[in-house]
Structure formats: structure tokens, C-alpha cells
Amino acid sequence: MAPGSPAARRRAAPRLLPALLGLHIFAVAFALEVSVGKTNTVMALNNSNVLLPCTFTTCIGFQDLVFTWYFNSTEMIYHGKIKSKASEPFLVGRNPRVEFVGSTTGKDNNISIVLKNVEFSDAGKYTCHVKNPKEKDAQHNATIFLTVVQKMVEADNTVTLIIVGVVGGLIGLLILFMLVKRVVLFIIKKTQDGKKECLVSSSGNDNTENGLAGSKAEQKAPPKA
Ligand SMILES: *[C@@H]1O[C@H](CO)[C@@H](O)[C@H](O)[C@H]1NC(C)=O
Ligand SMILES: *[C@@H]1O[C@H](CO)[C@@H](O)[C@H](O)[C@H]1NC(C)=O
Ligand SMILES: *[C@@H]1O[C@H](CO)[C@@H](O)[C@H](O)[C@H]1NC(C)=O
Ligand SMILES: *[C@@H]1O[C@H](CO)[C@@H](O)[C@H](O)[C@H]1NC(C)=O
């Protein structure tokens, strides 16, 4: 068959799609991701143990993956290696107060550590760094900030409590205001109806029935409120 024939051209087109898909897979495969979770700050009490969370994901898997935890960017506090997905990491080096608590054979590649007997000088930046030789030595890191306190007084909670208090108070005031307004309107209506009742007998075209005046007034009140 001649190369320029329509049949040859038809076969060339389907080959273009896998080529484009291949490029896409290539881009995704190198997306090594490292994460410390939703928040990037953690608070710990003086002398307590604190979990420093970290997980990573790879698309093509990993081999002889290296992970390192740094304090304030420079001080290495944990250094581990993982042969493959089938094995747990082995320790290369660590600070004696740091303990590995993760697991890499489960669903998540959890490489969290626990820092024991937290001191005030431990406050700072903790970086979880991952390097995957299987992804052409792709590396990525995530950072979490530790603050050390004497007492757990969470600023966020105080703010939340204040907001809840203020909003609750405002809603309460609004309800009270509406209630008072309704009662006042009801009383006004009642007194007016009372006067009307006197007029009913004379005019005759008022559809307010005796005894239902109160409930009708209540139903009519909201649109006017
Ligand atoms: C922190 O904990 C240590 C050990 O219990 C204690 O000696 C120290 O007073 C604590 N520091 C503060 C500021 O509470
Ligand atoms: C990682 O493992 C630690 C210790 O078991 C656990 O507390 C933490 O929740 C795990 N993190 C994730 C994201 O699974
Ligand atoms: C670590 O960094 C924090 C600020 O990010 C700083 O306050 C603290 O002194 C540093 N700690 C050490 C031991 O360098
Ligand atoms: C973390 O990654 C950033 C780039 O994303 C890089 O500038 C920084 O040096 C890395 N930190 C460490 C401790 O590897």
C-alpha cells in the first residue's frame, strides 16, 4: 500500500491519541506529592508528645525511597528509607526524641513521627522531605509548624466562642424584638378589633367573626411585621 493512500492516513490518526495520552501519563507520573494534612500548624504542651503528620503519594510506585524530617530547614531529626511498597521503612538516623509512627504498607504512605517530651525550644518549622529514585529522583516536601505552650488555651476556640456568643446574643435579641413586636401588634390589633366589634353590628360588611378575632389578628400580623 502506498504511504499516501487514504488507508494509511486513517491508520496514522489513531496513533496520535496514544501519543497524547502518553504525554499526559508522563506528566501525572512525576507528581510525587507530600502532605501534612489539612492544617499546617500543631500545638503541643510542654513535656507532652506530639504527632507530626506526613503522608506521600506516588503514581508509579517507589523503590528505595528516602524520606527526611528537618527541623528549621537544617537540622535532620529523622532519616529513613523504604525499599518498596511491600516493606516498612528502616531507620537511617534520628534524634533520640523522635520516633517513627507511620506505616507504608497500608493504604496511605504514612511517614509521621512523634516528637517526645516537647520543649519550648522545639517550636519552629518541621519539614517532611521525600525523594523517589523511581521517579527520576523526584522530590517534594511539606511543612508543619509547631508551637509549644504551657496550657492549652486555643486562640481559635476563644474566637469561636466569642463569635458564637455574639451571634447567639444577636439572634436572641432579634427573637426577643420580634416577640415584643408581635405582642405589641397583637395588643394593638386586639384593642382595634375590640373597637371594630362595636362597629360590626352597625356596618355589617366586616368579615371578622366574633371569637375568631384573636386568631385572625395573629395570622394577619406577620406580613405587617
Ligand atoms: C516545662 O516542663 C518542665 C518539666 O516538667 C518544667 O520544669 C518547666 O517548668 C516547664 N516550663 C514551663 C514554663 O512551664
Ligand atoms: C499516620 O499514623 C499515625 C500513627 O499511627 C496516626 O496517628 C495518623 O493518623 C496517621 N496519619 C494518616 C494520615 O493516616
Ligand atoms: C526555629 O525557628 C523558629 C522560627 O521559625 C525560631 O523561633 C526558633 O528559635 C528556631 N529554633 C532553633 C533551635 O533554631
Ligand atoms: C522544600 O521544597 C522547596 C521547593 O518546593 C525547596 O525550595 C526547599 O529547599 C525544600 N526544603 C527542603 C528542606 O528540602
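The model is predicted, so local features are taken only where pLDDT is at least 70 and side-chain atom pairs only at pLDDT 80 or more, whereas totals for chains, interfaces and linings use all residues. Residues are numbered from 1 along each chain as its sequence is written, chains are lettered from A and ligands numbered from 1 in the order in which they are written, and side-chain values use heavy atoms, with hydrogens and water left out.

**Strands and their pairing**

- Three strands make up an open sheet in the order β1-β4-β9 with antiparallel pairing, where strands are DSSP runs of E with at least two residues, numbered from the N terminus, and two strands pair if DSSP finds at least two bridges between them.
- The edges of this sheet are β1 (33-35) and β9 (109-110), each of which pairs on one side only.
- Strand β4, residues 55-57, is joined to β9 by 2 bridges in the antiparallel sense, and Thr55 has Asn110 of β9 as its bridge partner.
- Strand β11 runs antiparallel to β5, with 6 bridges between them, and the partner of Val66 in β11 is Lys131.
- The strands β11 and β12 form a hairpin with 5 residues between them, and Lys136 in its turn has a positive phi of about 55 degrees.

**Burial and the nonpolar core**

- Strand β11 is mostly covered, with 7 of its 9 residues buried, where buried means under 20% relative accessible area, exposed means over 50%, and partly exposed lies in between (1.4 Å probe, protein chains only).
- The largest nonpolar core has 31 residues, and those that touch the most other members are Phe56, Phe67, Trp69, Ile111 and Tyr126; such a core is a set of buried Ala, Val, Leu, Ile, Met, Phe, Trp, Tyr and Cys residues joined through side-chain atoms within 4.5 Å.
- Among the elements that give two or more residues to this core are β5 (65-71), β6 (75-82), β11 (124-132) and β12 (138-149), and β12 gives the most, with 5 residues.
- As a general background, nonpolar side chains tend to be buried together in soluble globular proteins.

**The site of ligand 4**

- Ligand 4 is surrounded by Tyr70, Thr127, His129 and Asn141, where a residue is near a molecule if one of its heavy atoms lies within 4 Å of it.
- An oxygen atom of ligand 4 lies 2.4 Å from a polar side-chain atom of Asn141, and the protein covers 36% of the 360 Å² of accessible area that ligand 4 has on its own, with areas computed by the Shrake-Rupley method with a 1.4 Å probe.
- The shell around ligand 4 holds 1 nonpolar, 3 polar and no charged residues; Ala, Val, Leu, Ile, Met, Phe, Trp, Tyr, Cys and Pro count as nonpolar, Asp, Glu, Lys and Arg as charged, and the others, Gly among them, as polar.
- His129 is found in strand β11 and counts as buried at 15% relative accessibility.
- The side chains of His129 and Gln139 are joined by a polar contact of 2.8 Å, a polar contact being a pair of N or O atoms within 3.5 Å, of which, within protein, one must be able to donate a hydrogen and the other to accept it, while residues adjacent in sequence count only if both atoms are side-chain atoms.

**The site of ligand 1**

- Ligand 1 is surrounded by Asn46, Asn47, Phe120 and Gln150, a shell with 1 nonpolar, 3 polar and no charged residues.
- An oxygen atom of ligand 1 is 2.4 Å from a side-chain N or O atom of Asn46, and an oxygen atom of ligand 1 is 2.3 Å from a polar side-chain atom of Asn47.
- For Gln150, the distance from a side-chain N or O atom to an oxygen atom of ligand 1 is 3.1 Å, and the protein buries 39% of the 360 Å² that ligand 1 exposes when taken alone.

**Positive phi values in loops**

- Most residues other than glycine have a negative phi.
- Ser73, in the loop between β5 and β6, has a positive phi of about 75 degrees although it is not a glycine, and Ser73 is partly exposed, with a relative accessible area of 40%.
- Asn117, in the loop between β10 and β11, has a positive phi near 45 degrees and is partly exposed at a relative accessible area of 44%.

Key:
Helix = DSSP H or I, 4+ residues; strand = E, 2+ residues; numbered from the N terminus.
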